[in-house]
Amino acid sequence: MGLSMHRVNNNVKRFFKSNLAVLSFFVFIFVILKYVYTDYVLHRNAKELFSDGKMNEFMFFKANWCKFCISFSPTFDKLVKIVNEDDNLKSQLILRKFDNDIGQDKPVFAQYNVKTFPTLIFKSKDGNVIKYDGERDVDSLVMFLKKNVN
C-alpha cells in the first residue's frame, strides 16, 4: 500500500512540475486582464459621469509594466476606499486612473504632459492643476486631498 501511495505522490508531483509553466502563464494573463479591464471600466464610468468639470479630480497616471506603479496601486486602492467612506471627500472628489497602455487614455497623458510613472495630479473644480510630489502613503494623500478639496 505504501508503494502505491508513493507512486501516486510521484505522479502528482510530475504533473505539477510539467504543467507549472502553463498554469503560471494563465494566472499571469488573468491578473493582467483583470487590472486592465477594471481600470478601463473605472475610467470609462468616471469619464461618462464627471466629464463636466464640476468635481475635483485626483488622477493616477500609470503603466502596467512600471514596477513603481504596481507597488503604488494598493495604496491608491486604499485611498479610494477611504474617500468613499468620507462623505465630505466623496461628495467633492472623484479619483481616476489612467493607463498608458490603453489607447483612449493617451490624450489625457498628453493633456497633462505626463512623461513619468506613476504621476499623481490634482485638478480642482476651478481648473487649477497641482502635480502631487509628496509622500506616497495613504495618510499623506488624504491630508493633501482634504487641504485642496476645501
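This is a predicted model: local features need pLDDT of at least 70, side-chain atom pairs count only at pLDDT 80 or more; totals for chains, interfaces and linings use all residues.
Me: Where does α2 bend?
Reply: At S73, by about 35 degrees. A proline, P74, follows within four residues. End to end, α2 (residues 67-85) reaches 29 Å, close to the 27 Å expected.

Me: What makes the pair of Y132 and F144 edge-to-face?
Reply: Two values decide. The ring centres lie 4.7 Å apart, and the limit for a pair is 6.5 Å. The planes stand at 65 degrees, and edge-to-face needs over 60. Therefore the pair is edge-to-face. Y132 belongs to strand β4 (residues 129-132) and F144 to helix α5, so the contact ties together parts twelve residues apart in sequence. Both Y132 and F144 are buried.

Me: Why is the pair of F61 and Y112 called tilted?
Reply: The centres are 5.9 Å apart, with 55 degrees between the planes. Stacked takes under 30 degrees and edge-to-face over 60, so the rest count as tilted. F61 sits in strand β1, and Y112 in the loop between α4 (106-111) and β3, 51 residues apart. Both are buried. F61 and Y112 also belong to one aromatic cluster with W65, F98, F109 and F117.

Me: How do you know that R96 and E57 form a salt bridge?
Reply: The N to O distance is 2.6 Å. The cut-off is 4 Å, so the pair counts. R96 in strand β2 and E57 in strand β1 are 39 residues apart.

Me: Why do R96 and E57 count as buried?
Reply: Buried means under 20% relative accessible area. R96 has 10%, so R96 is buried. E57 has 5%, so E57 is buried as well.

Me: What makes K62 and D99 a salt bridge?
Reply: Their side chains meet at 3.6 Å, N to O, and the limit is 4 Å. K62 in strand β1 and D99 in strand β2 stand 37 residues apart. K62 is buried at 4% relative accessibility, and D99 at 1%.

Me: Why is K146 called partly exposed?
Reply: K146 has 40% relative accessibility. K146 forms a salt bridge with D86, the closest N and O atoms being 3.6 Å apart.

Terms used: Residues are numbered from 1 along each chain as its sequence is written. Side-chain values use heavy atoms; hydrogens and water are left out. Helices (H or I, at least four residues) and strands (E, at least two) are DSSP runs, numbered from the N terminus. The expected span of a helix is 1.5 Å times one less than its number of residues. The bend at a residue is the angle between axes fitted to the seven residues ending there and the seven starting there. Rings of Phe, Tyr and Trp (its six-membered ring) pair if their centres lie within 6.5 Å; planes under 30 degrees apart count as stacked, over 60 as edge-to-face and the rest as tilted. Buried means under 20% relative accessible area, exposed over 50%, partly exposed in between (1.4 Å probe, protein chains only).
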